[in-house]
Structures are given as C-alpha cells and as structure tokens.
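This report describes a single protein chain, from its overall composition to selected local features. The sequence and structure are shown first.

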Amino acid sequence: MKPVSLRALALAAALAAPLAALPVHAAELSVQGRQSLIATVDRNQAALDHAALEIWKFAELGYQETQSAALLQGQLRDAGFTVTPGIANEPTAFLASFKTGEGPVVAVLAEYDALPGLSQTLSPIQESAGGHAGHGCGHNLFGAASIHAAIAVKDWMVANNIKGELRV
C-alpha cells in the first residue's frame, strides 16, 4: 500500500465534496480553500495510514466489521462528528454527522468490509495469505480515505463558516 495513493484518494474526495452540493462554485473554492483541505489530509496522514492498515489487518466480512466500524467511528467522534451506530438495525453500520446550520447536506460513503477468499500479504504482487477474507477489494483504503476526506471538509466548513451538514 503506497501512502501517496491513499493520500490521493482522500484528497480527491475532500476536494470534490465542497463542490458537490455545498453553496460553493468551483471558482469560489479558492486556492487557499484547496490548500486548507490538502493541509488537513496531510496533517492527519498518520491516522489515515493507521486506519487503512488496521482495517486491512482486521479483514472482517460484511456485517461483521465490528473492529473496523469502531475504529472509524472513533476517528469521526474525535474529529467532532456525532456518531449514531447500528443504523438500519445493522450493528456495524453507522451515521456520522457534522452540522453547522441550515443548508445543503453532503454525504460521503465509507465501505470497510473485506471479501471472502481475498486475503493477501502486504506485497505489491498478488500473494495469497491463506484464502481467508481480505481486502483485495480496496475497501480498507476506501473506508479510511472517506473518513479523512470528511474530516478535511468539516475543518474547511468550520474555517469558512459554511452552513450545511456533512454525513458519513
């Protein structure tokens, strides 16, 4: 897993989210705004890398991702989100929300489940680790990057007094 790739995934989501539905046009997301989002992702790089690697190690199948869900929920809580676990009667599903006032709602999807038979070593070439569940799907990266993109957008909303709600 290359940290640069994980950073790129988080940055792509963080830079796209404000343009998706918040009352900001592309021209209004200034260079300073972009730099702010990038700085937050960079500042949180160690936590982003930690989350991706831990979720990789947990390799929990869908609806059984108790450790992965707890890790991501904790990072969101620590960043100031309100977290509601057990959404839709699914113990590992959750909703995290950060609201600054009335305005648009932007949602960021985070998947973090492993798939059966996709275990592999931490190697740049495909090397099976015994045929157990694993993250050949990349959801360990997607889940971690989505969380940290949401944290970057939350910090940007606060710094720029942007009204709305961000959900993960």
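The accessible surface of the protein chain amounts to about 8400 Å², and carbon and sulfur atoms account for 57% of that area. The model is a predicted one. Of the chain's 168 residues, 41% count as buried. Among contacts between residues at least 6 apart in sequence, 64% join residues at least 24 apart.

The secondary structure comprises 5 helices and 4 strands. Their order along the sequence is α-α-α-α-β-β-β-α-β.

Helix H3 covers residues 45-58, a run of 14 residues. From its first C-alpha to its last, H3 reaches 20 Å, close to the 20 Å expected at 1.5 Å a residue. The buried residues of H3 are Gln45, Leu48, Ala51, Ala52, Glu54, Ile55 and Trp56. In an α-helix there are 3.6 residues a turn, so residues three or four places apart point the same way. Leu48, Ala52 and Ile55 are among the buried positions of H3. Just after the helix, Ala59 adopts a positive phi of about 45 degrees.

His148 lies in helix H5, which spans residues 139-159. Because its relative accessible area is 3%, under the 20% limit, His148 is classed as buried. Leaving aside residues up to four places away in sequence, His148 touches Val41, Asn44, Ala47, Leu48 and Gln75. One of these partners, Leu48, is itself a buried residue of H3.

Ala107 belongs to strand S3, residues 105-107. Its relative accessibility is 63%, over the 50% limit, and therefore Ala107 counts as exposed. The C-alpha atom of Ala107 is separated by 8.7 Å from that of Ala150, although the two residues are 43 apart along the chain.

The largest pocket holds about 340 Å³ of space. Its lining consists of 14 residues, and those nearest the pocket centre are Glu65, Thr92, Ala93, Ala110 and Tyr112. By class, 8 of the lining residues are nonpolar, 2 are polar and 4 are charged.

How values were computed. Residues numbered from 1 in each chain as written. Predicted model: local features only at pLDDT ≥ 70, side-chain atom pairs only at ≥ 80, totals over all residues. Heavy atoms only, no water. Helix = DSSP H or I, 4+ residues; strand = E, 2+ residues; numbered from the N terminus. Expected span 1.5 Å × (residues − 1). Buried < 20%, exposed > 50% of the residue type's maximum accessible area, 1.4 Å probe, protein only. 1 Å grid on protein atoms, 1.4 Å probe; cavity = no way out; pocket = protein on both sides within 12 Å on 5 of 7 lines; lining within 4 Å. Points joined across faces, edges and corners; volume = space filled by probe spheres on them. Nonpolar A, V, L, I, M, F, W, Y, C, P; charged D, E, K, R; others polar. Contact = heavy atoms within 4.5 Å. Areas by Shrake-Rupley, 256 points an atom, 1.4 Å probe, with all protein chains shown as cover.
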